[in-house]
Amino acid sequence: MPSTAHRALLISGSLRSGSTNTALLRTVAALAPADATAELFSGTAALPYFDPDLDRDPLPPPVQELRDAVHAADALLICTPEYAGALPGAFKNLLEWLIGDNDPRSISGKPVGWINVSTGPTGARDAHESLRIVLTYAGARIVLSDSITVPRSAIADGLVADASIVERLAGTFDRLLR
Ligand SMILES: Cc1cc2nc3c(=O)[nH]c(=O)nc-3n(C[C@H](O)[C@H](O)[C@H](O)COP(=O)(O)O)c2cc1C
């Protein structure tokens, strides 16, 4: 990988194996241009509950892994469902661990985007409003906030198989990283 490669870290708010949100992120990763790399973060379920008492060296290994992944990324892309009118607890927990990070390569000032794939009647409006509040609190630079309808029927083998949706995702990296 060339050292000048743009690196994106993709974070799904869903732990579900057949997740539409994770499928969309896998699809975006597959569309990465030659000078970019995309890593799908897989450690959300292993994170301990956020506890300021644990936020000191040495960090719990899953937290260190999360922060290392964020430090190495030029930008973050998030795709999360809404649960009970709010962000999923496991994902909110991940965000809380990021807010406690004082490293200069932390989420603060970093370009962050999200894509909403909800098919629910409110379009997951409350979760995404909450996400905007949390990211603003974290000092992230919000560079992209899209909504794309991805029905479960559009997922095949863990990827979005609908050509018109894939076409819409093609410019995501450019908008996130440049
Ligand atoms: C317990 C539970 C609560 C949910 N609450 C909401 C909600 O408040 N708003 C909404 O739009 N969808 C809600 N949903 C629907 C999920 O957001 C939807 O199933 C979504 O596709 C899950 O994302 P995933 O496919 O990436 O796992 C809920 C689903 C479950 C299981």
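1. Terms of exposure. A residue is called buried at under 20% relative accessible area, exposed at over 50%, and partly exposed in between, as computed with a 1.4 Å probe on protein chains only. By this scale Q64, at 28% relative accessibility, counts as partly exposed. Q64 lies in helix 2; helices (H or I, at least four residues) and strands (E, at least two) are DSSP runs, numbered from the N terminus. The C-alpha atoms of Q64 and L159 are separated by 29 Å, and the two residues are 95 residues apart along the chain.

2. Basis of the note. This is a predicted model, in which local features need pLDDT of at least 70 and side-chain atom pairs count only at pLDDT 80 or more, whereas totals for chains, interfaces and linings use all residues. Residues are numbered from 1 along each chain as its sequence is written, and side-chain values use heavy atoms, with hydrogens and water left out.

3. Five strands form an open sheet in the order 2-1-3-4-5, and the pairing is parallel. Strand 2 (36–40) and strand 5 (141–147) are the edge strands, each pairing on one side only. On average, neighbouring strands of this sheet are turned by 20° against each other, direction ignored; axes are lines fitted to C-alpha atoms, for helices over the stretch in contact, and angles run from 0 to 180 degrees between N-to-C directions. Two strands are taken to pair if DSSP finds at least two bridges between them.

4. Pairings within the sheet. Strand 1 (residues 6–12) pairs with strand 3 in the parallel sense over five bridges, and L9 stands opposite L76 in strand 3. Strand 3 is joined to strand 4 by three bridges, the two running parallel; here L77 has G113 in strand 4 as its bridge partner. Strand 4 (residues 111–116) and strand 5 also run parallel and are joined by six bridges. W114 stands opposite S145 in strand 5.

5. Strand 3. In a regular strand the side chains alternate between the two faces of the sheet. A75, L77 and C79 point one way from strand 3, while L76 and I78 point the other way, and all are buried. Strand 3 (residues 75–79) is thus mostly covered, with five of its five residues buried.

6. Helix 1. Eight of the 11 residues of helix 1 (residues 20–30) are buried, so this helix is largely enclosed by the rest of the structure. The buried residues are T20, N21, T22, A23, L24, L25, T27 and V28. S19 caps the N-terminal end of helix 1, with a side-chain oxygen 3.1 Å from the backbone nitrogen of N21.

7. The largest pocket. About 340 Å³ of space lies in the largest pocket. On a 1 Å grid over the protein atoms alone, a pocket is an open set of points where a 1.4 Å probe fits, with protein on both sides within 12 Å along at least five of seven lines, and lining residues have an atom within 4 Å of a point. Grid points are joined across faces, edges and corners, and the volume is the space filled by probe spheres set on the points. The lining holds 20 residues, of which T20, N21, P81, S118 and R152 lie nearest the centre of the pocket. The lining divides into seven nonpolar, 10 polar and three charged residues; Ala, Val, Leu, Ile, Met, Phe, Trp, Tyr, Cys and Pro count as nonpolar, Asp, Glu, Lys and Arg as charged, and the others, Gly among them, as polar.

8. R67. This residue is placed in helix 2 (residues 61–72). R67 is buried, with a relative accessible area of 5%. The side chains of R67 and D55 are joined by a polar contact of 3.1 Å; such a contact is a pair of N or O atoms within 3.5 Å, and within protein one must be able to donate a hydrogen and the other to accept it, while residues adjacent in sequence count only if both atoms are side-chain atoms. The side chain of R67 also reaches the backbone oxygen of W97 at 2.7 Å.

9. Backbone points to inspect. The peptide bond from D57 to P58 is cis, with omega near -10°, and P58 lies in the loop between strand 2 and helix 2. A84 has a phi near 50°, a positive value in a residue other than glycine. A84 is in the loop between strand 3 and helix 3 (89–99) and counts as exposed at 86% relative accessibility. D157, likewise not a glycine, has a positive phi of about 55°. The loop between strand 6 (155–156) and strand 7 (159–160) holds D157, which counts as exposed at 82% relative accessibility.
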